[in-house]
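The entries below follow the order in which I took them.

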Amino acid sequence: MAFSSKQRSDIFQAMSGKRYDLLIVGGGITGAGIALDAASRGMTVALVEMQDFAAGTSSRSTKLVHGGLRYLKQFEVKMVAEVGRERAIVYENGPHVTTPEWMLLPIYRDGTFGKWSTSVGLWLYDRLAGVKRSERRTMLTAKQALAKEPLLKRDGLLGGGYYVEYRTDDARLTIEVIKKAAELGADVINYTKAEQFLYDERGRIIGARCRDMLGGLSYDIRAKKVVNAAGPWVDAVRDQDGSKTGKRLRLTKGVHIVIDQKRFPLNQAIYFDTPDGRMVFAIPRDGKTYVGTTDTFYDDDPAHPAMTEEDRDYLLKAIRFMFPAVGITAADVESSWAGVRPLIYEEGKDPSEISRKDEIWTSPTGLITIAGGKLTGYRKMAETVVDLVAKQLEKEEGKTFRPCQTKQLPISGGDIGGSHRLPAFTAEKAKEAARYGLTEEQGARLAKQYGTNVDRLFALSSQYDRSTGLMRETFVRLVYAIEEEMAAKPTDYFIRRTGALLFDIDAVRREKEAVMAFMARYLHWTKEERDIYAKELDRELRQATLATGGDDRQIINQ
């Protein structure tokens with residue numbers, strides 16, 4: 001089925017006329033992974049997401065596909081081993097959205113980590129995660145650690161551990177997974193809320209009445225099995241089913257701040273302990289340095305978590321503690337993001353102590369719920385859920401499906417021929433870009449972000465119209481986002497399709513009026529719709545600069 005926001009209404013209506021093997025509620029990375037796994041096995045699949053794809057936790061993480069080194073301290077050995085091995089799979093299946101990142105863990109006198117314990121811990125981490133020889137840890141002297149990152153605090157520095165993590169664009173990873181599921185036959189739609197479950201005469205769940213949050217129409221989508229993969233809203237969905245008993249979620253909030261590298265010229269990704277013993281990442285990316293995360297209990301609206309001054313000050317204090325020469329202040333913070341983690345409640349534990357393990361529950365009505373887990377483990381979580389669905393369908397209907405196919409299945413844009421081919425592929429596309437009116441730098445940037453889908457963006461360049469007020473690169477990204485990634489609003493484009501609001505907020509301010517005007521014409525918005533979407537984008541801009549000390553500080557409380 002098409003994946004264009006221009007055809008959302010037609011897609012939704014068509015979904016109401018089918019009966020699926022599986023209906024998934026939730027379009028974050030967990031739901032996306034389940035849709036891809038199920039579709040690749042031959043199941044008929046529907047997925048509905050009440051916001052945009054990845055709008056919740058899956059666009060608000062630390063943007064690392066990592067094995068959870070700190071969980072070794074909690075003796076979560078099995079989880080570290082499993083998600084550690086998954087990192088390489090995620091990377092090979094989508095090298096354009098995931099990349100190895102060497103991480104430095106500095107060791108200080110009286111710090112959380114000692115030289116011996118760090119060496120042993122990283123050695124164990126490498127073995128559990130099956131890390132290839134070229135990416136295994138090395139131990140550094142203090143002099144070597146400072147050569148890697150001269151900004152580090154020198155007082156008490158004993159050395160460091162040097163090991164590989166994997167950096168990702170979490171929102172684009174989610175969207176590429178969903179696009180691949182759609183390519184394999186899954187019917188997926190955003191801004192569509194499952195408002196009420198449908199049941200047969202025996203009280204077994206058989207689908208959901210769903211409402212288009214943009215158009216207002218409601219349709220019934222029927223399925224033999226229903227999976228609740230709603231992330232922070234898992235318990236709300238269980239409430240609808242009348243099955244929120246036993247274990248429940250505990251939401252924690254994580255905040256990240258973004259600083260221009262002119263002010264914080266970090267060379268090297270750093271994983272460091274703070275004065276209170278927590279661990280924080282500082283990571284260079286696209287001319288910026290971002291730092292996070294906090295970890296505090298959260299009880300407000302999961303759709304709109306925001307950074308507070310207390311969150312900001314915690315991270316600034318951490319930066320000043322580890323990088324004292326930089327002199328970062330609130331005025332240096334360009335933007336921020338906040339997200340909530342849906343963890344499974346464990347009484348008496350602090351936020352950072354609660355396990356990141358995933359669990360699956362089946363209610364008396366047959367609703368299957370997946371909760372907890374980590375971004376890194378999304379594919380394995382999906383495999384476990386779809387194994388369960390396949391087993392139930394075989395038992396109840398005699399239908400059989402292929403075993404899991406996703407271990408070596410490239411996601412959309414990832415069919416490059418393996419991660420080792422990415423540099424050559426990027427170089428080829430950079431040279432090709434001139435034929436389409438783009439610079440080599442733009443071609444390389446598009447190839448890295450869109451992988452093998454870059455040819456589609458190049459083709460769109462022939463439609464470029466200067467009178468739109470858009471730069472050519474923005475034009476092709478925007479049309480592609482609308483036509484092939486179901487972007488329906490400016491916030492979808494600026495936050496989840498490009499990440500600009502997080503990492504290039506000045507570009508959002510420059511381009512927002514032209515993008516708004518183009519989308520209004522292209523998608524035939526009414527004046528009321530345009531006003532709503534403009535206010536929504538302005539709210540996101542304010543929230544990104546909330547408590548930063550930046551240009552928008554005076555309108556925090558408006």
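Entry 1, a loop residue. I counted a residue as buried under 20% relative accessible area, as exposed over 50%, and as partly exposed in between. I also kept in mind that the model is predicted. I looked up Q463, which sits in the loop between helix 12 (454-460) and helix 13. Its relative accessible area is 46%, so I put Q463 down as partly exposed. I then checked Q463 against H96: the two are 367 residues apart along the chain, and their C-alpha atoms are separated by 25 Å.

I picked R477, which lies in helix 13. Is R477 buried or exposed? I noted a relative accessibility of 9%, so R477 counts as buried. Leaving out residues up to four places away in sequence, I found that R477 touches R445, L446, Q449, Y450, L457, Y493 and T498.

I looked up how helix 6 (residues 170-183) packs with helix 13 (residues 472-485), and found an angle of about 45° and axes 12 Å apart. That angle makes helix 6 oblique to helix 13. Which residues make the contact? From helix 6 I listed R172, I175, E176 and K179, and from helix 13 Y480, E484 and E485. Sorted by class, the contact has five charged residues, two nonpolar and no polar ones.

I asked which residues of helix 1 (residues 8-16) are buried, and wrote down R8, I11, F12 and M15. They cover an arc of only 95° around the axis, so they lie on the same side of helix 1. Next I looked up what the buried residues of helix 1 pack against: strand 1 (19-25), strand 2 (45-48), strand 6 (187-189), strand 7 (192-199), strand 8 (205-212) and strand 9 (218-228).

I went on to strand 1, one of the strands that the buried residues of helix 1 pack against. Six of its seven residues are buried, so I noted strand 1 as largely enclosed by the rest of the structure. I then looked up its pairing. Strand 1 runs parallel to strand 9, and six bridges join the two. With strand 2, strand 1 pairs in the parallel sense over four bridges. I used L23 as a reference point: L23 stands opposite V226 in strand 9, and opposite A46 in strand 2.

I looked for residues other than glycine with a positive phi and noted A54, at about 65°. A54 is in the loop between strand 2 and helix 3 (77-93). With a relative accessible area of 1%, A54 is buried. I also noted D286, which is not a glycine and has a positive phi near 50°. D286 is in the loop between strand 12 (279-285) and strand 13. Its relative accessibility is 61%, so D286 counts as exposed.

I looked up the bond that joins G292 and T293 and found it cis, with omega about 20°. T293 has its place in the loop between strand 13 (288-292) and strand 14 (296-297).

Note on methods. Residues are numbered from 1 along each chain as its sequence is written. This is a predicted model: local features need pLDDT of at least 70, side-chain atom pairs count only at pLDDT 80 or more; totals for chains, interfaces and linings use all residues. Side-chain values use heavy atoms; hydrogens and water are left out. Axes are lines fitted to C-alpha atoms, for helices over the stretch in contact, and angles run from 0 to 180 degrees between N-to-C directions. Angles under 35 degrees count as roughly parallel, over 145 as roughly antiparallel, 65 to 115 as roughly perpendicular and the rest as oblique. Contact means heavy atoms within 4.5 Å. Ala, Val, Leu, Ile, Met, Phe, Trp, Tyr, Cys and Pro count as nonpolar, Asp, Glu, Lys and Arg as charged, and the others, Gly among them, as polar. Buried means under 20% relative accessible area, exposed over 50%, partly exposed in between (1.4 Å probe, protein chains only). The arc is that of the directions from the helix axis to the C-beta atoms. Two strands pair if DSSP finds at least two bridges between them.
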